[in-house]
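Morning, everyone. Please have a look at it first.

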Amino acid sequence: MMRKINRMVRRWMTDKMELPADVTMNLPRITMIGQLHIYIENHRGVLKFTTAELRLLLEQGQLIVKGKNFVIKTILPEELLLEGTIEQVIYINEKDK
């Protein structure tokens, strides 16, 4: 119940104060350069990594990146840079599980 109220307050603050949603709501920020690179901020950890799939834990679900020849070029506590051929990016919302 408190988690739901917290989300509602954060959403309200984001809308009324025009703040970036990735900062106030801990949403992931995803930047892609074509199919070659994907830079992901605000993740909560790596759940799975192979040369064909990366699965990350997010505040409100999971992010799955599928493709070929994946290499993690940079990994920090909340940031990750992946290189390879990116074919799919799938966002799984916590409510969909």
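**Strands and salt bridges**

Start with Lys 68: it counts as partly exposed, at 46% relative accessibility. Buried here means under 20% relative accessible area, exposed means over 50%, and partly exposed is in between, with a 1.4 Å probe and protein chains only.

Some ground rules. This is a predicted model, where local features need pLDDT of at least 70, side-chain atom pairs count only at pLDDT 80 or more, and totals for chains, interfaces and linings use all residues. Residues are numbered from 1 along each chain as its sequence is written, and side-chain values use heavy atoms, with hydrogens and water left out.

Back to Lys 68. What does Lys 68 form a salt bridge with? Its partner is Glu 87, and the closest N and O atoms are 3.5 Å apart. Lys 68 lies in strand 5 and Glu 87 in strand 6, so the pair ties together parts that are 19 residues apart in sequence. Glu 87 is partly exposed too, at 47%. A salt bridge here is a side-chain nitrogen of Lys or Arg within 4 Å of a carboxyl oxygen of Asp or Glu.

Now the strands themselves. Strands (E, at least two residues) and helices (H or I, at least four) are DSSP runs, numbered from the N terminus. Two strands pair if DSSP finds at least two bridges between them. Strand 5 pairs with strand 6 (residues 79-93) in the antiparallel sense, over twelve bridges. Three residues sit between them in a hairpin.

Leu 57 stands opposite Gln 62 in strand 5.

How many salt bridges does the structure hold? Five. Glu 53 takes part in a salt bridge with Lys 48, closest N and O atoms 3.9 Å apart. Glu 53 also forms one with Arg 55, at 3.7 Å. Is Glu 53 buried or exposed? Buried, at 13%. Lys 48 is partly exposed at 38%, and Arg 55 is partly exposed at 26%. Elsewhere, Arg 44, Glu 59 and Glu 78 are linked in a network of salt bridges.

Last stop, helix 1. Met 13 is found in helix 1 (residues 2-17). Met 13 is partly exposed, with a relative accessible area of 31%.
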